[in-house]
Amino acid sequence: MWRPPELAARAAYVIRGNSAGAMTRAAPDLYPHQWSWDAAFVAVGLAHVDVPRACAELDSLFAGQWRTGMIPHIVFDPSEEGYFPGPDRWACAELTDDAPSSPRTSGICQPPVHALAVERIGEIAEAHGGAAAEHYRDWLPGAYDRLLAWHHYLIRERDPRGDGLLTIYHGWESGMDNSPRWDPVYARVVVGADLPSYTRRDTAVVADASQRPDPAEYDRYLWLVERFKQAGYDAARIRRNAEFLTTDVFASAVFAVANEALAHLARRLGRPEHDELLAAAELFRRGVLGARDVRSGLALDTDLLTGAPVRVETIAGFAPLVSGGLDTGAERGLLELLRSPRWTGHPDLPHPVVPTTSPASPDFRRRAYWRGPSWPVMNWFLAWMLNRRGAKDTAASLRTAALAELSDGSFAEYYEPLTGEPLGSVDQSWSAAATLDLVL
Ligand code: 9WN
C-alpha cells in the first residue's frame, strides 16, 4: 500500500511515462492514443506538476476538432498502430471535409467535461501563481474559442429537440461503453452480413476476456461505425438512419455544469456569451431533472427509437447530483441513496466507492468493465461535482474511499468493487491524474 505523497509521485511518473510528445496515451498498451474525456482529466492531473504541459495536452486534443466544432473521441498518434479500430477503419477525412486530415481522428465524441477541466486547471494555475498562472492566462482565450465551438456543436447537433438532453449515436460516446444503460438500445442493432472482418487488439492486452465487452457487443460497436461511414459522418443522416439513438443523461448533466463553467470563463474574458451559456446550463439542468424516475430519484436515459426510459440502476442515475438544481429534500434523498446499501454503503464493499452498477441490481457484473466495477476516475469526478454542489461530507468520504482503492499503486483502469482487485489496464493515465488531484 502506498501512502499519499509517494502515490502522487508515482502517479506523476506514470503520466510522464505515458506521454507521447504533446499528447498522453490514455493507457500505455491498451489505448496508445489520446481520448477526449481522458485528455481533459489528464490535463487536470498534469496541471499539478506542469501547467504548460496541461495546456499542451488540451491543445493536442483541440488540433483534432472538426469543422463542425465536434471534439472527436480519439485523436490518433500517427506513430502508433496498436489500437483497433484505428484511423484507417474510421476513414473520417476520406469521407467528410468536416474532419481534419491531420491529426487523424475518430468520428464520434465523448462527454463534454473539457470546460470543467479548463476551469479547474485555472484554479490550480492561480494557486501556483507566477509563470504558471501567466501561461494559463495567455492560453485561455484560444482555449475558450475551441470550447465555445464545441458547445455550439452539441447544442446544434446533439440536442435537435431542444429539450436539454444530449443524443448519442454509439455507446462509446457515453464513455461507459457496455453499461446496462445501453442493453435495450443495442438489442435492436442488427449487424450486417457485410461487416468487414476485424481483429480485436484489446483482448490481446487484457487477457481475461470477462473484463472486456464480449464479441457480440464488439460486432455491434464496429457495425455502427460502418453505418456512420455510410452516412458520410453527417449528423442529420446518422440520426435519420440510426439503429442506435438514445439520450445520455449523464453527459447531459456534465454539459449543464460545463456550460456553467464556460459562462464563468466568458465573464472572466469579457466575452459576450455569458448569458447564453448560463441559459444553456439551465436548459440541460432541467432536461436532467425531467428524466428522473419518480420512485428511485435516479435519472434515466430514453431510447429515442422507442421513446422508452431505460430502467437500470447505474452510476449515471446520479446525474442530478452533477447537474444540480434539485430542491433540498430531493437532493438529500439522492445523497442518501448514494450512501445506502444499494451503493457505497453496500456491506461487501471493502471501500465505499461507487460501483458503475448497483451491486444490488440484477444487472451487476463484478468484473465486466462498465457493468459493475468501480472506476477511480468516476469516483474522483463524482466527488469533484459533489463538492461543487456543496455536498462536502459525501464528497470527502468519496475522496477518501477513492484514494484507499488507488493506494495499491497500480493505477488500474477499474477495480473489482467487492475485492479491490485491479482490472483492465494498469498505469491508466486518468487513474493517475485523478490521484494527483485527490492528493495534491
Ligand atoms: C472506446 C480510453 C477509453 C475511455 C472510455 C472507455 C474505453 C474505448 C475502448 O477507453 O473505451 O472508446 O476501446 O474500450 O470505456 O471511457 O475514454 O480510456
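A: In this predicted model, C92 has a relative accessibility of 3% and therefore counts as buried, the cut-off for that class being under 20%. C109 is likewise assigned to the buried class, because its relative accessibility is 4%. C92 takes part in no disulfide, and the nearest cysteine sulfur, which belongs to C109, is 12 Å away. Seen from C109, the closest cysteine sulfur is that of C92, and the separation of 12 Å is too far for a bond, since a disulfide requires the two sulfur atoms to lie within 2.5 Å. The structure as a whole contains zero disulfides.

The charged pairs come next. Side chains of opposite charge can pair when their charged atoms come close. The count of salt bridges comes to 37.

One of them joins R158 to E173, with the closest N and O atoms 2.8 Å apart. This pair links distant parts of the chain, for R158 belongs to helix α7 and E173 to helix α8 (residues 171-174), 15 residues apart. R158 is buried, with a relative accessible area of 2%. E173 also counts as buried, at 1% relative accessibility.

Because R137 lies in helix α7 (residues 130-158) and E126 in helix α6, the pair ties together parts that are eleven residues apart in sequence. R137 is partly exposed, its relative accessible area being 44%. E126 is partly exposed as well, with a value of 31%.

To return to the pair formed by R158 and E173, both residues are buried, with relative accessibilities of 2% for R158 and 1% for E173. Elsewhere, salt bridges that share partners join E119, E260, E282, R285, R286 and R388 into one network.

Definitions and conventions
Residues are numbered from 1 along each chain as its sequence is written. This is a predicted model: local features need pLDDT of at least 70, side-chain atom pairs count only at pLDDT 80 or more; totals for chains, interfaces and linings use all residues. Side-chain values use heavy atoms; hydrogens and water are left out. A salt bridge is a side-chain nitrogen of Lys or Arg within 4 Å of a carboxyl oxygen of Asp or Glu. Helices (H or I, at least four residues) and strands (E, at least two) are DSSP runs, numbered from the N terminus. Buried means under 20% relative accessible area, exposed over 50%, partly exposed in between (1.4 Å probe, protein chains only).
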